[in-house]
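Welcome, and please open the structure in your viewer. We will walk through it stop by stop, selecting a few pieces at a time.

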Amino acid sequence: MKALYGLYLDPESAQNAVDALRAASSELKFDRRRIIIASGEPHEGYEFTDSHLTVSGPYRYAVLGGIAGGTLGYLLTTLTQNSYPILTGGMPLSPAWTNGIIVYEMTMLGAILTTLVTLLIGAGLPNFKGVISDPGIWAGKILVGVVDPPDGSEPELERRLQQAGAEQIKRS
Amino acid sequence: MQPAAERIEKDLLWPIFHTSVKYWIAVGVAGCLVLAGVAAFGYQLYAGIGVWGINEPVLWGFDITNFVFWIGISHAGTLISAILRLCNATWRRPVTRCAEAITVFAILIGGIIPLCHIGRPWLAFWMIPYPNQRFIWPNFRSPLAWDFFAITTYLTGSAVFLYLPTIPDFASVRDAATGIRKRIYRVLALGWQGTPRQWQRLEIAMHIMAIAIVPVAVSVHTIVSWDFSMTLVPMWHSSIFGPYFVVGAIFSGIAALMLAMALLRKFLHLEEYLKPVHFDNLGKLLLTMSLLWFYFTFAERLTTWYGNTPSEMNVFWSSIRQQFAPLFWIMVFCNFLIPVPILAVKRFRTITGTAIASCTIVVGMWLERFLIIVPALDHKFLPYSWGHYRPTWVEDTLMAASFGAMALLYLLFTKFVPMISIWEMKVGLQPHGGIPVSTPEGERHGLVLEGPLPLDEMR
């Protein structure tokens, strides 16, 4: 996978570059999803960062994961206690008080594991092929570019990236 | 912002790429302690659990003291970090990773101790609920089974809570490293690129984790306290034990965290990141916990004294006036009388002052765990069953090894992971610590004015 990208010193010029590439996508006939943005820290308050989008999926999945974990805990305790009864000295065979502890812990474990899985899927991790990164982003710069630019479009893309205020233009 | 970001990157990656002689000496000392513990444990496996000083009626000694102590230490990290994240306290940034690492390692060490205690660790898998032909299932009515579930959940949650915000920093090391190191960090970073979507999902995940981990942390130490309070041993069967243990755990955990921060600051040269303000803020929290601990200790003893039950009074007087009195009063000095004046007076609440207070608290809280367990078992209901406990060299060695293991794990961690979250520090460089003003989010944080905050304040 090859890429053409520019490194930007501030989020404003990165936003300009993203806007320029979006405009170029229809003119140069490439999919907008090929536009790549990467930074060494999250930038909030800019359109290109997606921070304005409301995402509720992970919260819902965490709740669902918690419910699934709690149900599993309930089944684990009650089914085993009833399948393999032991002498309890007159106490209930399947006591809600003590089983509640297992159900609680399993609920939280379910929510935690679901959150982890949701993050990995949502963020597209793990992804060991085609990682486009530049040491510059760890120095505070923002990478904006196009993955697999269409043939013959590179000079125009380079011009637009430069025009948006790129400190450096690179190819990978 | 770029020069500052580069500086942060350089400073915080420095310990990963440079190793001093002092580091290897420290690793060597901690490693020797761990090896001594392994040898002692090997001897215990060969000779049997009788090589410990535990006996009838004191069947829990140093091992369970250490177990409760380390689970308590584990409380600081994740709990403090999660609360500070939820409150969006900007000064948390240099502190959180040091704290989260303590949690994971302390809970690992605490979790290993019951395996030593059961005497036949190769049968520990009986705790795992799986269908088997012997029809042996964990007894879900037993606090030991609750411990298993609670500690597993807390360890998993804490490890995830530590790992998630470390992924971007692993990517940072990946891009700075070469050779085999680059390949290792490539795997650890999971192919992180830093796209807006990845950042957004990471922050949401951290938010959910922070919400989920706080009740889990509280439940873990409450459940550990139920190991005691579910029994009818004098002075154990008490409803105050849950909150008492949680307060003690947070207290000892913060002390351990401050001690670790002071050492990291000195030896990793993090003076510009772990500033006096961090020690001052945590020092105030430690002061609050010291006062709370004293109140709970007083409340626990008051109800015993007022009830005046003979069996409980035997334990009460044995710890205050008789054989355990020296340890009891050392505990009061270490947990209250020494740290409170240091932490209450601003002039003494310096890095050195808080480190001294933290040292005494760690010692005092270990004694507190010991004094909860041993005097009560020593003096059960009928005098004919009273006994004495004296730890043997095997238990002493295992205890020293647990401290060595903590030091070793922490030292190795500093070699592989930036001890301060690099990307979070960079967020702190952004105006208003990365929180956009003039947006609903900014308004939620009370940011209505334009203009950056001073750099020091943001850190």
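**Stop 1: a loop in chain B.** Select His269(B), which has 12 C-beta neighbours inside 10 Å and therefore counts as exposed, since 12 or fewer is the cut-off. His269(B) sits in the loop between α9 and α10 (276-307) of chain B. Its phi is near 55°, a positive value in a residue other than glycine. Most residues other than glycine have a negative phi, and most peptide bonds are trans. Keep in mind on this tour that you are looking at a predicted model.

Stop 2: Now select Asp148(A), in the loop between β3 and α4 (154-163) of chain A. Asp148(A) is not a glycine, yet its phi is positive, at about 45°. Is Asp148(A) buried, exposed or partly exposed? With 13 other C-beta atoms within 10 Å, Asp148(A) is partly exposed.

**Stop 3: the sheet of chain A.** Select β1, β2, β3 and β4 of chain A. They form an open sheet of four strands in the order β2-β3-β1-β4, with antiparallel pairing. Which strands stand at the edges? They are β2 (35-39) and β4 (168-171) of chain A; each has a single partner strand, so one side of each has no neighbour in the sheet. From one strand to the next, the twist averages 20°.

Zoom in on β1 (residues 3-8) and β3 (residues 142-147) of chain A, which run antiparallel and are joined by six bridges. Within this part of the sheet, Tyr8(A) stands opposite Ile142(A) in β3(A).

**Stop 4: two cis peptide bonds.** In chain A, select Leu125(A) and Pro126(A): the peptide bond from Leu125(A) to Pro126(A) is cis, with omega near -5°. Pro126(A) belongs to the loop between α3 (96-122) and β3 of chain A. In chain B, the bond from Glu56(B) to Pro57(B) is cis too, with omega near 10°. Look for Pro57(B) in the loop between α2 (21-47) and α3 of chain B.

**Stop 5: crossing helices in chain B.** Select α3 (residues 62-86) and α9 (residues 241-267) of chain B, which pack at an angle of about 75° with their axes 6 Å apart. That angle makes α3(B) roughly perpendicular to α9(B). Residues making this contact include Gly72(B) and Ala76(B) from α3(B), and Gly248(B) and Ala249(B) from α9(B). By class, the contact has nine nonpolar, seven polar and no charged residues.

**Stop 6: where the chains meet.** Show both chains: 55 residues of chain B are in contact with 52 residues of chain A. On the side of chain B that touches chain A, α1 (2-17), α5 (143-163), α6 (167-176), α8 (196-229) and α16 each supply at least two residues. The largest share, 17 residues, comes from α8(B). This side of chain B has 30 nonpolar, 15 polar and ten charged residues.

**Stop 7: the domains.** Colour chain A by its domain assignment: domain 1 (3-53 + 128-171) and domain 2 (57-122). Taken over C-alpha atoms, the centres of these two domains of chain A are 45 Å apart. Chain B is divided into domain 1 (2-427) and domain 2 (428-459), and their C-alpha centres lie 34 Å apart.

Technical notes:
Residues numbered from 1 in each chain as written. Chains lettered and ligands numbered in written order. Predicted model: local features only at pLDDT ≥ 70, side-chain atom pairs only at ≥ 80, totals over all residues. Contact = placed C-beta atoms within 7 Å. Nonpolar A, V, L, I, M, F, W, Y, C, P; charged D, E, K, R; others polar. Axes fitted to C-alpha atoms, helices over the stretch in contact; angles between N-to-C directions. Parallel < 35°, antiparallel > 145°, perpendicular 65-115°, else oblique. Pairing = 2+ DSSP bridges. Domains from an automatic or database assignment. Buried ≥ 20, exposed ≤ 12 C-beta atoms within 10 Å, placed from the backbone.
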